[in-house]
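Biologist: Can you walk me through this one? I'd like to start with the ligand.

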Amino acid sequence: MKIYNTFTKTKEDFQPINPPNVTMYMCGPTVYNYFHIGNARSFVMADIVRRYLEFKGFNVKFIMNITDVDDNIIKKANEEKKSTTDVASFYTEAFFEDVKRLKIKTASVYPKATLHISEMIEVIKELEKKGFAYNVNGNVFYDVSKFSSYGKLSGKNTEDLESGARVDVNEEKKNPLDFALWKKVKESEPSWDSPWGKGRPGWHIECSAMSIKHLGKSIDIHAGGNDLIFPHHENEIAQSEACFEQKFVKYWLHFGFLNIQNEKMSKSLGNFFTAREVLDKYSAEAIRLFFAQTNYGGPLNFSDELLNSAQKGYEKILNLAEKIEREINLNTRSEIIPDFDVKKYYSDFEKVMDDDFNSPQAAAVIFDFIRAANKIIAENNNIDSIFYQGLKQFLKNTAENVLGIIHFGDLANALNPNIDNEQIEMLIKKRDIAKKEKNFALADQIRTELSNLGVILQDSKTGTTFKKIILK
Ligand code: AMP
Ligand code: ZN
């Protein structure tokens with residue numbers, strides 16, 4: 001298996017430090033807003049990488065941090081006259097809801113920055129002891145001049161960086177490239193006690209401290225969007241390697257931007273659609289297919305045209321999946337078991353995904369498979385159901401478990417979009433009232449109407465629940 005390493009700028013053989021275990025850290029959201037569909041691209045592609053490693057038999061520990069203390073959160077809290085804790089917990093909840101809707105697999109841990117302050121202080125103390133950090137009136141900075149290989153990830157050299165560093169003029173810093181490890185408290189900001197006085201951590205130290213806590217001193221894969229290569233990941237390397245004196249990350253993996261009219265979609269530019277807005281228009285599977293159909297490292301333009309075509313692609317998979325489920329239920333026994341080389345599709349899928357997670361090619365293999373399967377189904381009658389079992393197994397192992405572009409468990413929901421859950425709940429309430437009023441004719445009518453739409457009601461002592469079924 002090959003993986004493109006930003007650090008060496010080459011495709012390398014993937015050899016984890018401690019197989020079959022793989023440790024993977026992904027820089028997660030800063031929770032001051034709903035995340036946008038650009039962030040979603042990075043989250044979904046990280047999910048596909050993680051799922052493929054699991055497909056290969058690795059035991060993946062996947063960590064995604066939540067940055068819940070930050071300038072933007074403080075700004076938002078001041079604007080909305082709320083506490084930073086309220087802002088952060090509101091958008092953390094929203095983050096979990098959207099991740100679930102995008103059918104992203106839950107991380108092993110979602111560490112929150114504010115719950116790791118003491119770990120961050122320990123790392124900063126160690127850096128100070130080793131001479132990599134200096135304290136100026138309660139602000140602690142990392143001394144970039146002390147870390148001789150600074151710039152090795154981004155390929156920038158410190159002289160060029162210094163001459164270009166108009167940013168962040170700060171009288172207290174020895175060098176414009178130095179960055180904050182600990183920020184002295186300002187009025188009405190959240191703060192914690194520390195050896196340097198009250199304050200809060202800088203952004204970069206969060207990831208160094210949380211990755212060591214949950215994954216150890218050296219990790220296999222560290223991922224994030226391209227915008228994080230410099231300075232965020234460069235600074236993480238400087239902190240972690242100075243502190244622990246060993247290689248921090250074996251493979252650096254970076255996701256290309258989702259652009260809108262050829263410009264990076266970003267919260268600060270305001271040119272974004274939230275993931276939840278897009279999820280109201282397109283299914284999660286179509287959105288995931290839209291992302292998967294471009295290489296994770298390159299740019300991708302957001303467009304309704306591409307999303308519509310992904311939605312059509314998803315419907316093709318859905319149609320076959322529905323046919324498969326129906327035939328498996330029929331459980332036909334017959335002599336007709338067409339020759340279909342499913343193994344070839346498995347090996348094609350694995351071959352392209354082994355080549356640095358080539359998901360566009362992998363999706364192409366799945367569509368070839370669907371075309372071939374549909375042709376066989378059209379040309380044969382009365383096929384034994386074992387044939388359909390084989391089709392289902394392939395689609396589950398590849399399209400569902402790796403790319404997440406079909407979910408057999410959700411077919412009924414996907415195929416019955418005519419009535420949404422809210423409408424169903426409303427009709428259940430109406431039926432409850434009818435029953436109380438002994439209007440059993442109306443209650444029965446509601447049950448029949450729902451059943452015609454593929455919604456089956458189940459009454460129990462605690463109330464009425466429903467399940468959706470595939471309409472024959
Ligand atoms: P943020 O909440 O801005 O810290 O970003 C969360 C994650 O989304 C990080 O891994 C970013 O690199 C990534 N990201 C931000 N904007 C985009 C974009 N337009 N396209 C792809 N990934 C992005
Ligand atoms: Zn990070």
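Predicted model: local features only at pLDDT ≥ 70, side-chain atom pairs only at ≥ 80, totals over all residues.

Biologist: How many residues surround ligand 1?

Modeller: There are 20. The closest are Ser42, Gly225, Asp227, Leu258 and Met265.

Biologist: Which elements each supply at least two residues of that shell?

Modeller: α1, residues 37-55, and β9, residues 219-225.

Biologist: And by class, what is in the shell around ligand 1?

Modeller: It has 8 nonpolar, 9 polar and 3 charged residues.

Biologist: OK, polar contacts. What does an oxygen atom of ligand 1 sit 3.0 Å from?

Modeller: A polar backbone atom of glycine 225.

Biologist: And the nitrogen side of things?

Modeller: A nitrogen atom of ligand 1 lies 2.8 Å from a polar backbone atom of leucine 258. For methionine 265, a polar backbone atom is 2.8 Å from a nitrogen atom of ligand 1.

Biologist: How much of the accessible area of ligand 1 does the protein cover?

Modeller: 91% of it. On its own, ligand 1 has 490 Å² of accessible area.

Biologist: Switching to helices. What do you quote for a packed pair?

Modeller: Two packed helices are described by the angle between their axes and the distance between those axes.

Biologist: Give me those for α11 and α13.

Modeller: The angle is about 10°, and the axes are 10 Å apart. α11 covers residues 342-354, and α13 covers residues 385-403.

Biologist: What does that make α11 relative to α13?

Modeller: Roughly parallel, because angles under 35 degrees count that way.

Biologist: Is α11 passing α13 in a left-handed or a right-handed crossing?

Modeller: Left-handed.

Biologist: Now α10 and α13. At what angle do their axes cross?

Modeller: Roughly 140°, and the axes come within 9 Å. Helix α10 spans residues 304-330. The two helices are therefore oblique to each other.

Biologist: Which hand is the crossing of α10 and α13?

Modeller: That crossing is left-handed.

Biologist: What joins phenylalanine 230 and proline 231?

Modeller: A cis peptide bond, with omega about 0°. Proline 231 is found in helix α7, residues 229-244.

Biologist: What about asparagine 137, is its phi positive or negative?

Modeller: Positive, near 55°, in a residue other than glycine.

Biologist: Where is asparagine 137?

Modeller: In the loop between β5 (133-136) and β6 (139-142).

Key. Residues numbered from 1 in each chain as written. Chains lettered and ligands numbered in written order. Heavy atoms only, no water. Near = heavy atom within 4 Å. Polar contact = N/O pair within 3.5 Å; in protein donor to acceptor, adjacent residues only side chain to side chain. Areas by Shrake-Rupley, 256 points an atom, 1.4 Å probe, with all protein chains shown as cover. Helix = DSSP H or I, 4+ residues; strand = E, 2+ residues; numbered from the N terminus. Nonpolar A, V, L, I, M, F, W, Y, C, P; charged D, E, K, R; others polar. Axes fitted to C-alpha atoms, helices over the stretch in contact; angles between N-to-C directions. Parallel < 35°, antiparallel > 145°, perpendicular 65-115°, else oblique. Left-handed = near helix turned anticlockwise from the far one by under 90°.
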